[in-house]
Amino acid sequence: MAQAVAEAIQKNYLNEKQGLLSWLLTTDHKRIAILYTFSITGFFFLGGFFALMMRLELLSPTNWLVSSETYNKLFTMHGTIMVWFFLIPSIPNTLGNFLIPMMVGAKDLAFPKLNLASWYVFMLGGGVTVYALVRGGVDTGWTFYTPFSTSYSTTYVVAAAVGIFIAGFSTIMTSLNFIATIHRMRAPGLTWFRLPIFIWSMYANSVILVLNTPVLAITLVMVGVERIAKVGIFDPALGGDPVLFQHLFWFYSHPAVYTMVLPGMAVISEIVPAFSRKPMFGYKAVAFSSVAIAALSFLVWGHHMFVAGESVYVAMAFSFFSFCVAVPSAIKVFNWTATMYQGSVSWDTPMLYAIGFIGLFTIGGMTGLMLAVLGLDVHLHDTYFVIAHFHYIMVGGTVMAFLGGVHYWWPKISGKMYPEGLARISAAIVFIGFNLTFFPQYVLGYLGMPRRYAAYPEEFQMLHVLSTAGATILGVGYVLPLCYLIWAWYYGRGATPNPWRATGLEWKTPSPPPAHNFEVTPVVTAPRPYDYEAMKEELQLV
Amino acid sequence: MITNFRLWPVSASSVAGQFNLLFVVLLILCTLVSVAIAIFLIYSVIRYHRKSENELGSQKRYNIPIEVAWTVIPFILFMAFYVWGANLYFHIERPPDNAISMYVVGKQWMWKIQHPEGQREINELHIPVGRPVKLTMTSEDVIHSFFVPAFRTKQDVLPGRYTMTWFEATKPGKYHLFCAQYCGTKHSGMIGWIYAMNPVDYQNWLTQGAPEGSLASNGEKYFHQFGCANCHHFNNQGRCPDLRNLYMRPVLLTTGQTVTADDSYIRRKLHDPDAQVPWGFSAGVMPNFTGIVSEEQILALISYIKALGPQPGTQEPSSSGAAPTQYGTQKGIGGPGATSNAGSQVEKR
């Protein structure tokens, strides 16, 4: 009898059903999150391999390792895979998928079958893109600028575009699911201002993705139509307008870069309060800053085109809005820092990643300001300065947040603790490797090294060598967590329901959680989120 | 093995100094703010490091005055740099009136440059120091970007239209020219050199490789070769507009709108002659020259039309009376009539 009870308690989403089919046909958001984790991890290391090949090629000013054709395909596939098959789905479809229902006290997402469908659609899109890759690759850059992509490139542009087009539907499905869940499935008493910041940010993120992904889809369709049917849309030789593509693409893609970093901000906004044991400082300002970023992100696309022949007055408007969108980002940085002040700050791995995130995001944000300054962008545009800037946001920001989040919720996801000492060391390796890789690129850009050059004048070599050295360290920093997390999955120490003594609803259920998350639907009575005061007894804090 | 290592770019144009100042001021400010944030962060992390497992820190949730301050103060600072940066941008985007005009055609994967004196260069550009140089640029295929780091200028070069950039070199020397917009396989090979020369050396350079004729005279040659002169000759036939005194003047269209007869307008007429027809003329008369006249030839034709007046900088009234005088200054034009006033129909009321 007692044994039966113990078994019943130990039933969780991982062991309730067994076998490959139980995974491939699951509608459990937690299992789908794991499926996504496998997929995006694969894409991350594939994209990372391309990056490593590029960095090796750039060790020398000449084409010593690969030809220009190959180099162009390497940076295109690196960008394409990383943007659409890692960064955009990374945090939302793994941590978001796993956590959103639990954070709002729901049994699952609003549309569990749609959630599974989105994974299959994502894999189909990824498959088509990988097909383009193995058939010979694409050489247009991930930005697909016309008329090069429509009339001049001889590579697999349409196949890659079809892959991205398909993956877009997966993004839309997931985002709709999140929006519906956050609106309709919150636990009794969980009002909007009692929600964790994670939910606010993921909500803003989902709204952006639902609005901008269709624009990308139709733009890619137009690229395909012009390329196949020679209908003049973008190519002036056919009567089109090449800059029109840039407007459409960046109308999608600038909000898209916010959809890469907003989920990162979501994760950091959970880690910082949890490891400072303090409520999120300026909660409402941080919540609304996510909404402000979502709104303003649609008004800044023209800052990619300051030297593309834009009118000076249009450029002024886009510059203005670009400064405006920096304000909510600055607010977040100040509030995270202020949350740590007078807290009880732990130095566990997730917090190390969060601290790294804040530092790197600040540098990335500051250099973003420099790029928003019209007169400076003329020189810095399309140089390594831009590359360094967005890698500080995307890699220094989002990837650090992703790793921080994976460590923070690892006990919940796997039911096991990861090895803390090793994890701290690899966090430090990632931080050092990252800065060594990308800081020299700021200098390269300021010196005038253009992007997407397979060969370059030899005066830039020293900085490229430094950057490549950093990339190898960074690579080690990424492989280590992969190894010890897999180890911990099998051999890690068992985790308690709330190892960090955090306040979120996801910690009020066993680790790993049962298939339906909560035995009893939670009722939220605490008037405010992150209410350590109210939960003092429960969390045994003094 | 590793040569010319440097951490600060060469500054060799009138804009570079202004750019450097703005960049350095902003860099210092950003660094100070970043360091302040870092110090506060590190202080908090160390000073408030958790001492015992059960410790709970302060539970302070907000401080409205501080939050307002760190929203408003950054915004005000941003606006200061916004205005400063926009000011510099206007300066970079607007060429001075006394600039020498040169013409650039980009193609996969080379830069073709034409001087008004007729010199042609590939992947090299010789310019005099101390004189503003204005480049009118177009592409034969994909988008390129004309980037001279030492001058802090960059401008995309688009197919199907003209873009413009300018610079004034301040130091003689040899400076990198890069294509900054990815343009295909040999993008990284679409590079060249700018040679900024003392005015005397530049004059020597111009005379040494003296070509057969100026760009405008080449244009005149094409004007006859492509049959432009058959209609646009300077009698009062009335089928086609007189091109004298046309350049940069307003043109009244059949639609009632007015356009300026700039480089782009002239180019457009060659590719799409039935669009933007001047008042008093009809569509369907002028043939389409797409695929017949190359971008470089169009630039020569524009240069010729420019030479037909009015002279740059002169703001004479757009009366038809000026036309015959301008015509008289041109040599070797095949049109019979010297008293045309057909242009009056083209010009603004």
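Helix H11 of chain A is mostly covered in this predicted model, with 23 of its 29 residues buried; buried means under 20% relative accessible area, exposed over 50%, and partly exposed in between (1.4 Å probe, protein chains only). Helices (H or I, at least four residues) and strands (E, at least two) are DSSP runs, numbered from the N terminus. This is a predicted model, in which local features need pLDDT of at least 70 and side-chain atom pairs count only at pLDDT 80 or more, while totals for chains, interfaces and linings use all residues. Residues are numbered from 1 along each chain as its sequence is written, chains are lettered from A and ligands numbered from 1 in the order in which they are written, and side-chain values use heavy atoms, with hydrogens and water left out.

H11(A) covers residues 312-340 and reaches 43 Å from its first C-alpha to its last, close to the 42 Å expected at 1.5 Å a residue. The expected span is 1.5 Å times one less than the number of residues in the helix. At the start of H11(A), a side-chain oxygen of Ser311(A) comes to within 3.1 Å of the backbone nitrogen of Tyr313(A). Just after the helix, Gln342(A) takes a positive phi of about 65°. Ser319(A) is found in H11(A). Because its relative accessible area is 0%, Ser319(A) is buried. Leaving out residues up to four places away in sequence, Ser319(A) touches Phe306(A), Ala372(A), Leu374(A) and, in chain B, Tyr82(B); contact means heavy atoms within 4.5 Å.

Helix H12 of chain A (residues 349-372) contains Thr349(A). Thr349(A) counts as buried because its relative accessibility is 0%. The side chains of Thr349(A) and Glu420(A) are joined by a polar contact of 2.6 Å. A polar contact is a pair of N or O atoms within 3.5 Å; within protein, one must be able to donate a hydrogen and the other to accept it, and residues adjacent in sequence count only if both atoms are side-chain atoms. Besides Glu420(A), the residues that Thr349(A) touches include His407(A), Tyr418(A), Ala423(A), Arg424(A) and Ala427(A), not counting residues up to four places away in sequence.

The contact between the two chains takes 104 residues from chain A and 87 residues from chain B. Together the chains bury about 8,500 Å², 67% of it on carbon and sulfur atoms. Buried area is the accessible area (1.4 Å probe) that two parts lose on being put together, summed over both. Across this interface 2 salt bridges are found, a salt bridge being a side-chain nitrogen of Lys or Arg within 4 Å of a carboxyl oxygen of Asp or Glu. Arg161(B) and Asp241(A) meet in a salt bridge through their side chains (2.7 Å, N to O). The count of residue pairs in polar contact between chain B and chain A is 34 (both at pLDDT 80 or more).

Chain B has 9 helices and 12 strands, and buried residues make up 52% of its 349 residues. Strand S2 of chain B (residues 110-114) is largely enclosed by the rest of the structure, because 4 of its 5 residues are buried. Two strands pair if DSSP finds at least two bridges between them. Strand S1 (residues 100-107) of chain B pairs with S2(B) in the antiparallel sense over 5 bridges, and a hairpin joins the two through 2 residues. Lys107(B) stands opposite Met110(B) in S2(B). S2(B) is also joined by 3 bridges to strand S3 (residues 120-122) of chain B, and these strands run antiparallel. In S3(B), Arg120(B) is the bridge partner of Gln114(B). The hairpin formed by S2(B) and S3(B) has 5 residues between the strands, and Gly118(B) in the turn has a positive phi of about 110°.

Most residues other than glycine have a negative phi, and most peptide bonds are trans. Arg152(B) has a positive phi of about 60° although it is not a glycine. Arg152(B) lies in the loop between strand S6 (144-148) and S7 of chain B, and is buried, with a relative accessible area of 0%. In chain A, a cis peptide bond joins Thr146(A) and Pro147(A), with omega about -5°. Pro147(A) is found in the loop between helix H5 (112-135) and helix H6 (148-152) of chain A.
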